Amino acid sequence: MPEQIYADNHIVIVNKPADLLSVPGRGEDKQDCVWRRVQKTHPTARIVHRLDYATSGLMVLALSADSHRKLSTEFQERRTEKSYQAIVFGTLTETAGEVTEPLRCDWDNRPLQMICYEHGKKALTRWEKIGEEEFGSRVRLYPITGRSHQLRVHMQHLGHAIIGDRFYASEEAQALSPRLLLHAEHLALHHPHSGEWMEFSAPVPF
């Protein structure tokens, strides 16, 4: 069971460890995932959104069809607030900015994503530098859209791939960490039953 941050009759908030699937994949070896683990204690749990296998941090699961519908709509309409922390390779010279490159699946190299101005879907990431590290810069990332691998591709596009990224970083940047240094540290949303605005955080493990 991932660390449980909060639970009531309608939702469960968990802190997903790195290198764990959000939902089952194809094959017997890809059945262990956040959803199945949470169902052991909350059998009605339903996935609302996903984190990459390599990413750690906060996820919300719904415990009823009604909660799932309301939360899914809230994510689709971008009424939630999410922020991530990452360590990127190299020193960022600017203190903040945004990346707007459109993204699509790289069909020849799935599950990788790629920037494509012709067929890509709109994507927006805002970022701010919050510290210096030995081999890079610590950043806080705000995904305004929720494309697959968005933060990873957008940081690579800036020339500062996330350290430990097996898909998009150089061999040098990969070798600096056994895990992807990307963590969903903050999640805020309206409770699907009460409508109350709720904010959750999970300590950054790197």
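This is a predicted model: local features need pLDDT of at least 70, side-chain atom pairs count only at pLDDT 80 or more; totals for chains, interfaces and linings use all residues.
User: Why is Lys-16 called buried, and what makes it lack a salt bridge?

Analyst: Buried means under 20% relative accessible area. Lys-16 falls in that class. A salt bridge needs a side-chain nitrogen of Lys or Arg within 4 Å of a carboxyl oxygen of Asp or Glu. For Lys-16, the nearest side chain of opposite charge is Asp-19, 6.8 Å away. The cut-off is 4 Å, so no salt bridge is counted for Lys-16.

User: Where does Lys-16 lie, and what does it touch?

Analyst: Lys-16 lies in strand E2, residues 11–16. Leaving aside neighbours within four places in sequence, its contacts include Pro-2, Ser-22, Val-34, Leu-51, Asp-52 and Tyr-53. Thr-55, Ser-56, Gly-57 and Met-59 are also in contact with Lys-16.

User: What makes the pair of Tyr-53 and Lys-16 a polar contact?

Analyst: The backbone oxygen of Tyr-53 lies 3.0 Å from a polar atom of the Lys-16 side chain. A polar contact is a pair of N or O atoms within 3.5 Å. The value is 3.0 Å, so the pair meets that distance cut-off.

User: Why is Ala-18 called partly exposed?

Analyst: Its relative accessible area is 22%. Buried means under 20%, and exposed means over 50%. Ala-18 falls in between, so it is partly exposed. Ala-18 lies in the loop between E2 and helix H1 (34–39). Leaving aside neighbours within four places in sequence, Ala-18 is in contact with Tyr-53, Ala-54, Thr-55, Ser-56 and Arg-179.

User: How far is Ala-18 from Leu-92?

Analyst: Their C-alpha atoms are separated by 25 Å. Along the chain, Ala-18 and Leu-92 are 74 residues apart.

User: What makes Arg-37 and Asp-32 a salt bridge?

Analyst: Their closest N and O atoms are 2.6 Å apart. The cut-off is 4 Å, so the pair counts. Arg-37 is partly exposed at 24% relative accessible area. Asp-32 is partly exposed too, at 42%. A search of the whole structure finds twelve salt bridges.

User: How do you know that Asp-66 and Lys-70 are about one helical turn apart?

Analyst: They are four residues apart in helix H2 (residues 65–76), and therefore separated by about one helical turn. Asp-66 and Lys-70 form a salt bridge, with the closest N and O atoms 3.3 Å apart. Asp-66 has 35% relative accessibility, so it counts as partly exposed. Lys-70 is partly exposed at 34%.

User: What links Glu-128 and Arg-140, and where do they lie?

Analyst: Their side chains meet in a salt bridge, 4.0 Å from N to O. The pair links distant parts of the chain. Glu-128 is in strand E9 (residues 125–132), and Arg-140 is in strand E10 (residues 136–143). They are twelve residues apart. Glu-128 has a relative accessible area of 27%, which makes it partly exposed. Arg-140 is partly exposed at 22%.

User: Which residues are linked in a network of salt bridges?

Analyst: Asp-52, Arg-152 and Asp-165. Arg-152 is also one of the buried residues of helix H3.

User: Why is helix H3 called mostly covered?

Analyst: Six of the eight residues in H3 (residues 150–157) are buried. Buried means under 20%, so each of those six falls below that cut-off. They are Gln-150, Leu-151, Arg-152, Val-153, His-154 and Met-155. Just after H3, Gly-159 takes a positive phi of about 90°.

User: How many cavities of 30 Å³ or more does the search find, and what lines the largest?

Analyst: The search of the whole structure finds one. About 40 Å³ of space lies in the largest cavity. His-49, Leu-51, Leu-58, Lys-82, Tyr-84, Ala-184, His-186 and Leu-187 line the largest cavity. Strand E5 (81–89) and E11 are the elements that give two or more residues to this lining. E11 gives the largest share, three residues.

User: Why is Leu-176 called partly exposed?

Analyst: Its relative accessible area is 33%. That lies between 20% and 50%, so Leu-176 is partly exposed. Leu-176 sits in the loop between helix H4 (171–174) and strand E11 (182–190). Not counting residues up to four places away in sequence, Leu-176 touches Phe-89, Phe-135 and Ile-163.

Technical notes. Residues are numbered from 1 along each chain as its sequence is written. Side-chain values use heavy atoms; hydrogens and water are left out. Buried means under 20% relative accessible area, exposed over 50%, partly exposed in between (1.4 Å probe, protein chains only). Contact means heavy atoms within 4.5 Å. Lys and Arg count as positive and Asp and Glu as negative; His and the chain ends are not counted. A polar contact is a pair of N or O atoms within 3.5 Å; within protein, one must be able to donate a hydrogen and the other to accept it, and residues adjacent in sequence count only if both atoms are side-chain atoms. On a 1 Å grid over the protein atoms alone, a cavity is a set of points where a 1.4 Å probe fits but cannot get out, and a pocket is an open set with protein on both sides within 12 Å along at least five of seven lines; lining residues have an atom within 4 Å of a point. Grid points are joined across faces, edges and corners, and a volume is the space filled by probe spheres set on the points.
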